[in-house]
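This report goes through salt bridges, aromatic pairs, the nonpolar core and the surface of one structure. The sequence and the model are shown first.

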Amino acid sequence: MPFLGSIAQVAGYTIEVVTTSRVTVTVFNIRRDRISEIEILNFDGASGPPAPQPKTIGSNIGRVVFLANALNGETATVKFTSGSQRFEFGITPDGQGIFDVT
């Protein structure tokens, strides 16, 4: 699973998916000793560009793990913005990434 970089806890992040298909992004917020929260986000690009989704990061979270899957083997680009930082990766039909939280 690729390490994508570090994001600031106070800044949070925004997830944006560029697709003409359906994409599911599963977000795991991880504390030092366990998974704190799992959130499943659905993006449907079949009827136009999906809206970006802003997310906050809890004060005890040390790492955020993302798993992204596109429906029916489609491709998509997943973009993360945290403050002035931008990260993106392609999924064909799936992808994943890890962020450390500072």
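## A buried lysine and its partner

K55 has a relative accessibility of 16% and therefore counts as buried, the cut-off being under 20%. This value, like the others in this report, comes from a predicted model. The side chain of K55 forms a salt bridge with E39, and the closest N and O atoms are 2.9 Å apart. E39 is in strand β4 and K55 is in strand β5, residues 53–55, so the pair ties together parts that lie 16 residues apart in sequence. E39, at 24% relative accessibility, is partly exposed.

## Other salt bridges

How many salt bridges does a search of the whole structure find? The search finds four. One of them joins the side chains of R22 and D44, at 3.5 Å from N to O. R22 belongs to strand β3 and D44 to strand β4, so this pair ties together parts 22 residues apart in sequence. D44 counts as partly exposed, because its relative accessibility is 35%.

D33 and R34 form another salt bridge, with the closest N and O atoms 3.5 Å apart. D33 is exposed at 57% relative accessibility, while R34 is partly exposed at 44%.

## Aromatic pairs

The whole structure holds six aromatic pairs. In one of them, F66 and F80 are tilted, with 4.2 Å between the ring centres and 45° between the planes. F66 is in strand β6 and F80 in strand β7, so the pair ties together parts that are 14 residues apart in sequence. Both F66 and F80 are buried.

F66 also pairs with F99. The ring centres of F66 and F99 are 5.4 Å apart and the planes stand at 85°, so this pair is edge-to-face. Here strand β6 supplies F66 and strand β9 supplies F99, so parts 33 residues apart in sequence are tied together. F66 and F99 are both buried. Which residues make up the aromatic cluster? Y13, F66, F80, F87, F89 and F99 form one cluster.

## The largest nonpolar core

The largest nonpolar core has 23 residues, and the members that touch the most others are Y13, I15, V25, F66 and F80. Two or more residues each come from β2 (13–18), β3 (22–30), β4 (35–44), β6 (63–70), β7 (76–82), β8 (85–91) and β9 (94–101). The largest share, four residues, is given by β6.

Leaving aside residues up to four places away in sequence, F66 touches Y13, I15, V25, T26, V27, F80, G95, Q96, G97 and F99.

## Surface features

Which residues form a nonpolar patch on the surface? I35, I38 and I40 do, with about 300 Å² of accessible area together. I40 is part of strand β4. I40 counts as exposed because its relative accessible area, 57%, is over 50%.

S59 is located in the loop between β5 and β6. With 71% relative accessibility, S59 is exposed. S59 and T102 are 43 residues apart along the chain, and their C-alpha atoms are separated by 9.8 Å.

Technical notes
Residues are numbered from 1 along each chain as its sequence is written. This is a predicted model: local features need pLDDT of at least 70, side-chain atom pairs count only at pLDDT 80 or more; totals for chains, interfaces and linings use all residues. Side-chain values use heavy atoms; hydrogens and water are left out. A nonpolar core is a set of buried Ala, Val, Leu, Ile, Met, Phe, Trp, Tyr and Cys residues joined through side-chain atoms within 4.5 Å. Buried means under 20% relative accessible area, exposed over 50%, partly exposed in between (1.4 Å probe, protein chains only). Contact means heavy atoms within 4.5 Å. Patches are made of residues with over 30% relative accessible area and no salt bridge: like charges are joined within 9 Å, nonpolar side chains (Val, Leu, Ile, Met, Phe, Trp, Tyr) within 5 Å. Accessible areas come from the Shrake-Rupley method with a 1.4 Å probe; for residues, only the protein chains shown count as cover. Rings of Phe, Tyr and Trp (its six-membered ring) pair if their centres lie within 6.5 Å; planes under 30 degrees apart count as stacked, over 60 as edge-to-face and the rest as tilted.
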